Amino acid sequence: MRIKRAVNKNKHKRAILKQAKGFWGSRSKLVRVANQAVMKSLMHAYIGRRLRKRDMRRLWISRINAACRVNGISYSKFIGAMKVKNINLNRKVLADMAVNDKSAFANLVKEVLA
């Protein structure tokens, strides 16, 4: 007795077309083209998740640098002085302080410089 694949194949096609919904033209209509488009989009999504982490770190560093310059110190000297003083705050927290709580960040800079 041979095995027929119709049910599973159609389920697979439906899943691919569902993932390709909103793609332009035949990329959302034809299964073979949609499958290629979905595979490529998933690859780009995987890469993008890693790039987002880098982009966020760059943003945090830019915000910290701007706040440091307002308080009369460069970013690199600030981070170096924090390491010497053994103050362990990550860049995400520092950037949040620099944007939302400027007075606390200024106090931190004064403490690091002292």
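Visitor: Which helices do the buried residues of H3 pack against?
Guide: Keep in mind that this is a predicted model. Packing here comes down to contact, meaning heavy atoms within 4.5 Å. In this case, the buried residues of H3 pack against helix H2 (31-70), helix H4 (91-100) and helix H5 (102-113).

Visitor: And which residues of H3 are buried?
Guide: Buried means under 20% relative accessible area. In helix H3, which spans residues 75-85, that gives you Tyr75, Phe78, Ile79, Ala81 and Met82. They sit on the same side of H3, because they cover an arc of only 160° around the axis.

Visitor: What about the largest nonpolar core: which residues have the most contacts inside it?
Guide: Those are Ile64, Phe78, Leu94 and Phe105, in a core of 18 residues. H2, H3, H4 and H5 each give two or more residues to this core, and H3 gives the most, with five.

Visitor: At what angle do H4 and H5 pack?
Guide: About 120°, with their axes 6 Å apart. That makes H4 oblique to H5. On the H4 side you have Leu94, Met97, Ala98, Val99 and Asn100, meeting Lys102, Ala104, Phe105 and Leu108 in H5. Sort the residues of that contact and you get seven nonpolar, one polar and one charged.

How values were computed:
Residues numbered from 1 in each chain as written. Predicted model: local features only at pLDDT ≥ 70, side-chain atom pairs only at ≥ 80, totals over all residues. Heavy atoms only, no water. Buried < 20%, exposed > 50% of the residue type's maximum accessible area, 1.4 Å probe, protein only. Helix = DSSP H or I, 4+ residues; strand = E, 2+ residues; numbered from the N terminus. Arc of directions from axis to C-beta. Core = buried A, V, L, I, M, F, W, Y, C linked by side-chain atoms within 4.5 Å. Axes fitted to C-alpha atoms, helices over the stretch in contact; angles between N-to-C directions. Parallel < 35°, antiparallel > 145°, perpendicular 65-115°, else oblique. Nonpolar A, V, L, I, M, F, W, Y, C, P; charged D, E, K, R; others polar.
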